Amino acid sequence: MLGIALSAGGVLLPGKTASAEVFRYVDRDGKAHDVEIHDDAPAGEPPSAAAAEGQPASGGAAVAAGAAVMAGATLDFPYAEHAREAARLYALPVELIAAVMKVESGFDPGAVSRAGAMGLMQLMRSTALDMRVVDPFDPRQNVLGGARHLRILVNAYGGDLALALAAYHAGPGTVARYGGVPPYPETYRYITRVIALYHRYRDRGIPPVAPPPATRTVVL
């Protein structure tokens, strides 16, 4: 998985209901969290207030480049060309980048969260500046910046995808404060949904998605 692994204490167990798949995330304390995944599910919840406090990882984590990108069966989704470019640059599965885009913004480049995160990958202003993103609402800049940030976090947490996603959602400072995934229900839901979509996209391809209107949209 290109150096990315699930947390040692977290597993995904798929199940089925009449209209959705149910994925269970078991956290490090052994508590199970069930999330239903629908093909047309709305974007995920915006970052909690703690996300605005977290500072992005910097310097010490090297950005890997040039690794092969995992092949997806279907890559016909909004801004796929930017996701593929980011996947090549930062050695991330394109399906993972697509999953983050889906959960963060629903593929809406004008999305703005209540905490102020912006664009497709929902970058906070400070993170955007650190990732050299001049215009967070420019789709290419946003996807490249978000993928670079995610790659830095994956490196910083030794390839632990659950911790990297927790830091992406709630901030590295919050992860450090709790010594792992913070006990926020919205963060558990975020991690579970991104990982479940990543596995679905990787195994089945990414279904065609019509891009939303290019207007500023507050993610509730």
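Contact is taken here to mean heavy atoms within 4.5 Å. The structure is a predicted model, in which local features need pLDDT of at least 70 and side-chain atom pairs count only at pLDDT 80 or more, while totals for chains, interfaces and linings use all residues. Residues are numbered from 1 along each chain as its sequence is written, and side-chain values use heavy atoms, with hydrogens and water left out.

The protein chain contains 8 helices and 5 strands, where helices (H or I, at least four residues) and strands (E, at least two) are DSSP runs numbered from the N terminus. Along the sequence these elements follow the pattern β-β-β-α-α-α-β-α-α-α-α-α-β. Of the 220 residues in the protein chain, 55% are buried; buried denotes under 20% relative accessible area, exposed over 50%, and partly exposed in between (1.4 Å probe, protein chains only). Among contacts in the protein chain with a separation of 6 or more, 58% are accounted for by residues 24 or more positions apart.

Helix α5 comprises residues 139–156. Because 14 of its 18 residues are buried, α5 is largely enclosed by the rest of the structure. At 1.5 Å a residue, α5 should span 26 Å, and its end C-alpha atoms are 26 Å apart, in agreement; the expected span is 1.5 Å times one less than the number of residues. After α5 comes Gly-158, with a positive phi near 60°.

Two packed helices are described by the angle between their axes and the distance between the axes. The axes of α5 and α6 (residues 161–170) come within 8 Å and cross at roughly 130°. Axes are lines fitted to C-alpha atoms, for helices over the stretch in contact, with angles from 0 to 180 degrees between N-to-C directions. The two helices, α5 and α6, are therefore oblique to each other; angles under 35 degrees count as roughly parallel, over 145 as roughly antiparallel, 65 to 115 as roughly perpendicular and the rest as oblique. The crossing of α5 with α6 is right-handed, a crossing being right-handed if the near helix is turned clockwise from the far one by less than a right angle, and left-handed if anticlockwise. On the α5 side, Gly-146, His-149, Leu-150, Leu-153 and Val-154 meet Ala-164, Leu-165, Ala-167 and Tyr-168 of α6. The residues of this contact comprise 7 nonpolar, 2 polar and no charged, with Ala, Val, Leu, Ile, Met, Phe, Trp, Tyr, Cys and Pro counted as nonpolar, Asp, Glu, Lys and Arg as charged, and the others, Gly among them, as polar.

A further helix pair is formed by α2 and α3 (residues 94–105), whose axes come within 9 Å and cross at roughly 130°. This angle makes α2 oblique to α3, and their crossing is right-handed. Ala-83, Arg-84, Ala-86 and Ala-87 of α2 make the contact with Val-94, Ile-97 and Met-101 of α3. The residues involved divide into 6 nonpolar, no polar and 1 charged.

Helix α2 (residues 80–90) also holds His-82, which is buried at a relative accessible area of 14%. Neighbours within four places in sequence aside, His-82 contacts Pro-139, Arg-140, Val-143 and Leu-144. Arg-140 lies in α5 and is partly exposed, with 38% relative accessibility. Residues up to four places away in sequence not being counted, Arg-140 touches His-82 and Glu-85. Arg-140 and Ala-83, 57 residues apart in sequence, are 8.3 Å apart in space, C-alpha to C-alpha.
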